[in-house]
Amino acid sequence: MTTPLLQVRGLKIGATVYPPGEKPHDIEIVHGVDFDLEAGKVLGLIGESGAGKSTIGLATMSYGRGGVELTGGTVKVNGRDVISASARDIRRLRGAEVTYVSQSAAASFNPAKRIMEQVIEAAVFQGKFSKSDAEQRARDLFAKLGLPDPNNIGNRYPHQVSGGQLQRCMTALALCPEPDLVVFDEPTTALDVTTQIDVLKAIKDAIRDTGVAALYITHDLAVVAQVSDHIMVLRMGEMVEYGTTDQIINAPKEEYTQALVSVRSITHEEKQPTEPVLRVENITARYKGTNFDVLHNVNVDLSPGQTLAVVGESGSGKSTLARVITGLLPPRDGTITFAGRTLTPDQPSRSLEDLRELQMIYQMADTAMNPRQTVGTIIGRPLEFYFGLKGAEKQNRIQELLDEIELGSGFQDRYPAELSGGQKQRVCIARALAAKPKLIICDEVTSALDPLVADGILKLLLNLQKIEDVAYLFITHDLATVRAIADSIAVMYQGRVQRYGTKSEVLTPPFDDYTDLLLSSVPEMKLGWLEDVIANRKMESAGN
Amino acid sequence: MLKNIPLSAAIGLIITGTYFLAAIFAGVIAPYGMAEAVGDVWEPSSAEHWLGTDQIGRDLLTRMIYGGQTTIFIATAATILSFTTGAVLGFIAAVSGGWIDQLMSRLVDLFMSIPSLILALVILSSIEATVLTLIVIMGLLDSTRVYRLARAVAVDISVMDYVEAARLRGEKLAWIIFREILPNALSPLVAEMGLRFIFMVLFISTLSFLGIGVQPPLADWGGIVKENKEGINFGIGAALYPAVAIATLAISVNLIADWILNRTTSLKGGRG
């Protein structure tokens, strides 16, 4: 039997943690993982954050990020163990035999150097190619990855190409030294759905054409199903299930895998529009110091106790709409009517009543809570501020709210750093609810969370809507979320409302070209989906 | 939290602590009166006079202890003044933005463009140098530096979502500054405070050495150097003792400041 390209046996990885208020101690984050990867094959590593998938990916380059140590087992690349290798051998391995594509290309490229210089750097440094050969190879790769003007794009600086293009440049960078193995670490997660699909296709074709083996790390099962031959499901540093892509998608054996496959199974009965609580009329807005409008003549209504989903890719103006409604960005034109009152354009001049009834939940729960305040203070402040609650009365109400968001007692005295991602977002929901609002603006509230956790948050939000009769303006780029919770939908594109109506109206054909592109770009857990979609599209995505 | 103190910080704490205790209990531990002539001119060290005597026969150890009291008291008071003024104004500028920020920042730039020693010399030549005026002048001149730092730190914090959430809730300026921003800006400010304290010690010593700071017969370290500098010509080391005291205090406070900065800026955990 031939030795596989990559052979991992009993890989154990440890790290030192510094929990607040406790002594630093060592923990094990990967508990003995085994797998093989043949040359030219793609293995998908999938799991939630903290599952150890990136850590395992980096371990194949004998690298531990930020105090992470490889504590046991072997990782053999081309038959040689890289964990016990000398620093000199590791240097020869990285950038030559194994290369890496990171999640954020924008943060990984040096903004002061031209793309070409960075793409060929490793290949030339490792002595694999001469400078001119490497440049020729890079141009071929640019063409293969479908980048526009492949002969000259290398002369640009990273900020002169779009996010999707930069991610493809990074793939070219990884493939340039002719490695045997490429580690893709969430390469499409930071991209819009419509861009993701093109990058995914480019990566898939490049892997096939160059015959390289790849580890594809992601939390999105639908994405990995499109590119990989085998899938390994990880959870808390242990392997849950390993199988062919077909088997994992269509016949998962383990309960956890089944949960991942069937995620977003929430159903929500659409309600009919009534007299609106929020009416946005002819809103046009631009940012100070710029000379173009980011919102053009936007009109939407939201009925009490219902959910309006605002969808669109980044730059479509959906978050700007939220800023206009909250008064952080006064519009140039148009009016906003809320609960029968016309809102003043700028936030400082609004009445306390207006401020209280219109609350907001942010995408990053981490930065939405003051790290030096306890959960009790965070939730208690609106109670004190709007209702003047004090002492035992306030404590009781805080406890009620904590019960509502399904966190038990004992959370009051914790600091945000002591909560998990999902718990943090729940506390932010409780803070918004504490004000007894009529409307909550939810700005991408689930997009930073793992799928199963996000599901929990969505269920909670729907439940709270029934109890408190609060309306949601739900800003998202994730159409699966929209299907799960919306009563009506506004599709935004380049600052305009492209399509607006009840959920069933918006999601029923015939579609306009943009809505079609958006809807068809949402990855489905189906083999061969990617090829079908690319073949049947009416419109190119904006990332090209 | 006092476990696991690194050796350098422990040394810093011990030396700084000794200086501060000596300053506070100067009246109790000083062997002689502050301005009392008890021996000959520039006596060498002996059992009665551990560090010898100064240029008019006063006990040098006593002068050093009282001098430390004056120097440390003025430096501490001026640091506190400069921090309260600088930090509060810096936070207000960062949170308000717009023309308030512009006006205050340009005014501060104007003051910072004049070397503070020269400015202090000019002001002190027109008004009488008492302990109070020295503290006010030094504190206000130095607050421009603190203003810059506080503003820079607060600008970063004031764009965080939690500050926006507080604004959307309708909170007033005072809550945003003292409850949302201050707790998160504290660690760089505290570390900076250690450094600024040392600059204050050097500043007051410089002024006294030039003869416009603390006035005799009150003792302070810069003054003792000035009074005894002639002795160096005759091989008398009296002027070196205050120099050593200033240097050791500076180093030990820095060791503590480094430790605080390391401990509280750790991103793990988030609260120090």
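Analyst: A:Pro510 lies in the loop of chain A between α19 (503-506) and α20 (513-520). The cis peptide bond joins A:Pro509 to A:Pro510, with omega at about 5°. Keep in mind that this is a predicted model.

Now the domains. Chain A is divided into domain 1, residues 6-261, and domain 2, residues 278-508. Their C-alpha centres lie 35 Å apart. Each domain of chain A gives nine residues to the contact between them. On the domain 1 side, α7 (193-210) and α10 (255-261) of chain A each supply at least two of the residues that touch domain 2.

Next, a helix pair. Helix α14 of chain A covers residues 375-387, and helix α16 of chain A covers residues 421-434. Their axes come within 7 Å and cross at roughly 20°. Angles under 35 degrees count as roughly parallel. α14(A) and α16(A) are therefore roughly parallel to each other. The crossing of the two helices is right-handed. From α14(A), the contact uses A:Val375, A:Ile378, A:Ile379, A:Pro382 and A:Leu383. From α16(A), it uses A:Val427, A:Ala430, A:Arg431 and A:Ala434. By class, this contact has eight nonpolar residues, one charged residue and no polar ones.

Now the sheets of chain A. One is an open sheet of four strands with the order β2-β1-β4-β5 and antiparallel pairing. β2 (25-37) and β5 (80-81) of chain A stand at its edges. Each has a single partner strand, so one side of each is left without a neighbour in the sheet. Inside this order, strand β1 (residues 6-17) and strand β4 (residues 68-77) of chain A pair over eight bridges, in the antiparallel sense. A:Arg9 stands opposite A:Thr74 in β4(A). The loop between β4 and β5 of chain A holds A:Asn78. Phi of A:Asn78 is near 50°, a positive value in a residue other than glycine.

The other sheet is also in chain A. Six strands form an open sheet in the order β6-β7-β8-β3-β9-β10, and the pairing is mixed. Its edges are β6 (98-101) and β10 (238-244) of chain A. Each of these strands has a single partner, so one side of each is left without a neighbour in the sheet. Neighbouring strands here are turned by 15° against each other on average, direction ignored.

β6(A) runs parallel to strand β7 (residues 181-185) of chain A, joined by four bridges. A:Val98 stands opposite A:Leu181 in β7(A). Helix α6 (residues 163-175) of chain A packs on the sheet and touches β6 and β7 of chain A. The direction of α6(A) makes about 175° with that of β6(A).

α6(A) also packs against another helix. The axes of α6(A) and helix α4 (residues 115-125) of chain A come within 7 Å and cross at roughly 30°. α4(A) and α6(A) are therefore roughly parallel to each other. α4(A) brings A:Ile115, A:Gln118 and A:Val119 to the contact. α6(A) brings A:Cys169, A:Ala172 and A:Leu173. By class, the residues of this contact are five nonpolar, one polar and no charged.

Last, the partner chain. On the chain B side, 15 residues are in contact with 20 residues of chain A. α7 (161-169) and α8 (173-209) of chain B each supply at least two residues of the side that touches chain A. The largest share of that side, five residues, comes from α7(B). The classes on the chain B side are five nonpolar, five polar and five charged residues.

Back to the starting point.

Terms used
Residues numbered from 1 in each chain as written. Chains lettered and ligands numbered in written order. Predicted model: local features only at pLDDT ≥ 70, side-chain atom pairs only at ≥ 80, totals over all residues. Axes fitted to C-alpha atoms, helices over the stretch in contact; angles between N-to-C directions. Parallel < 35°, antiparallel > 145°, perpendicular 65-115°, else oblique. Left-handed = near helix turned anticlockwise from the far one by under 90°. Contact = placed C-beta atoms within 7 Å. Nonpolar A, V, L, I, M, F, W, Y, C, P; charged D, E, K, R; others polar. Pairing = 2+ DSSP bridges. Domains from an automatic or database assignment.
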